[in-house]
Every structure is written in C-alpha cells, then in structure tokens.
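Thanks for coming. Please have the sequence and the model open while I talk.

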Amino acid sequence: MFMKTKQQEKKKASKVKRPLSFNDRTPLSALISGMETTGIVISLTRYGAYVDIGTECDGLLHISQLSNTRFVEHPRQVLTPGDEITVRIRSTNAELKKLHLTMLPQDVLDAEAEDKMEDRIPLGDIQIDDELWGELRRVTDYGAYVEVGAEVDGWLHFMDHPAFGWSVGSHPSKFMTKGERVRVWVADVDQAQRRMKLTANRPKHLPGPRRDL
C-alpha cells in the first residue's frame, strides 16, 4: 500500500506544470525573509512538500510549517501536487541553494523567533523517556507545540496532557494555554522527519515517585 501511494504521488508530481522555465527564474539572493508569494506544490515527502515559487530551486515547506491549527501527520492531508498555495519565505541560502518556506501566520513566526536560543539541544542527543521542562508555544485543535530548549519544538497531543478528561469534549485551548510551563517526557524521536513527540504524563515504567496534580 505504501509503495502504491508513493508511485501515485510520483506520477502526480511528474504531471505538475511549472510556472516558469528554468531559464527565467529569480535568484535566491533576491528573496527577503518574510515576503509572501504564491507557488505550485511539486512533490510531497514524509517531512514536507517541495514548492516551486519561480526561483532557481524548489523551496521546502516543512511539515511543521503547514498549519497553525492542526497537527499534520503527512503533507498529503492538506496538500496535493499541483496545488497553488500562498507561502512566506522563511530562510534562504544562495550558496547552498536552499530555500525554506512557511504557511504559518507572521505573528506566530515573530513570536517564535523572539524565543529562539543560540544553544539548543541537538535532536540526536535526546532520548526516549528523557524528562524536560518546556513552554507551550502554539496550541492547535489537536494539542500543542512545546519549546523544550531543543533544536525543534516537541509535539504534545491533547490526550497526553494531565488535564485531558477534566472537561470532556472541550477544545485543547480550554486546558492548554500558550505560555504554560509543563514538565514532559520524550515519547518518540524521529530523526528523519525531525520530530519529537512528548507526554506530560509520567511514563508508568519509569522508576521513582509519580507526581500528583
């Protein structure tokens, strides 16, 4: 089933019509971070989508930059090759021919940029069951992104928050608040997709006392 899906995506990508020929494209050095533009989704991967915005290389729209209101498991949930979408320039590197895009609102990007730290924990140094303190940065329909001092924010599903169940059927924003400090444990680390899943409920298999809320 997986191979069939990949073949279908590859077939769709091969049929996508690019907006410009490769002889008439804007150099990356002319782009400015934050500028808004439109582009065509060329292909999908597990970790995001490649988008042609008329520059010398396709831009990467990472999976974490697709939505401010939901957790996207795979880009195909919201995008299809050939879609015309509006994106913003997140960063460029003309020398390495790299372009990163985003679909997040500018105010969210500004807030996250203000909180960036120079020295962050490499994802490769984080292990499952590691205990961390973090701050809820962005609350969505399915949970929240948590800043834990790592090079990527962790994902905390609303069902993994200790307050889940106190208000049955409530939106996560009712018991998950931006800026809230939480103690979490690493549930999963995906190096390929650069993702980290968290839980705020202490894993039962860990030794030591459990905390009461």
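Predicted model: local features only at pLDDT ≥ 70, side-chain atom pairs only at ≥ 80, totals over all residues.

Residues are numbered from 1 along each chain as its sequence is written, and side-chain values use heavy atoms, with hydrogens and water left out.

Start with the barrel. In what order do its strands run? The order is β1-β2-β3-β5-β4, a closed barrel of five strands with mixed pairing. On average, neighbouring strands of this sheet are turned by 50 degrees against each other, direction ignored. The axes behind that angle are lines fitted to C-alpha atoms, for helices over the stretch in contact, and angles run from 0 to 180 degrees between N-to-C directions. Strands here are DSSP runs of E with at least two residues, and helices are runs of H or I with at least four, numbered from the N terminus. Two strands count as paired if DSSP finds at least two bridges between them.

Strand β1, residues 36-45, runs antiparallel to β2, residues 48-52, and five bridges join them. β4 in turn pairs antiparallel with β5, residues 98-102, over five bridges, and Thr92 stands opposite Leu99 in β5. The hairpin of β4 and β5 has four residues between the strands, and Lys97 in the turn has a positive phi of about 55 degrees.

Next, the strands around β7. β6 and β7 run antiparallel and are joined by four bridges, with a hairpin of three residues linking them. Ala144 in β7 is the bridge partner of Val139. On to β8, residues 154-157: four bridges join this strand to β7, antiparallel, and Val146 stands opposite Gly154. The β7-β8 hairpin has six residues between its strands, and Gly149 in the turn has a positive phi of about 85 degrees.

How many of the residues of β7 are buried? Five of its five are, where buried means under 20% relative accessible area, exposed over 50% and partly exposed in between, with a 1.4 Å probe and protein chains only.

Now the cores. A nonpolar core is a set of buried Ala, Val, Leu, Ile, Met, Phe, Trp, Tyr and Cys residues joined through side-chain atoms within 4.5 Å. The largest has 20 residues, and Val148, Met196 and Leu198 have the most contacts inside it. Elements giving two or more residues to this core are β6 (131-139), β7 (143-147), β9 (181-190) and β10 (195-199). β9 supplies the largest share, three residues. Another core lies apart from this one, with 18 residues, including Leu31, Cys57, Leu61 and Ile85.

Contact means heavy atoms within 4.5 Å. Not counting residues up to four places away in sequence, Val148 touches Ile121, Leu132, Trp133, Gly134, Val184, Met196 and Leu198.

Last, the loop between β9 and β10, where Gln193 lies. Why does Gln193 count as buried? Because its relative accessibility is 9%. Leaving aside neighbours within four places in sequence, Gln193 is in contact with Arg46, Tyr47, His62, Ile63 and Glu73.
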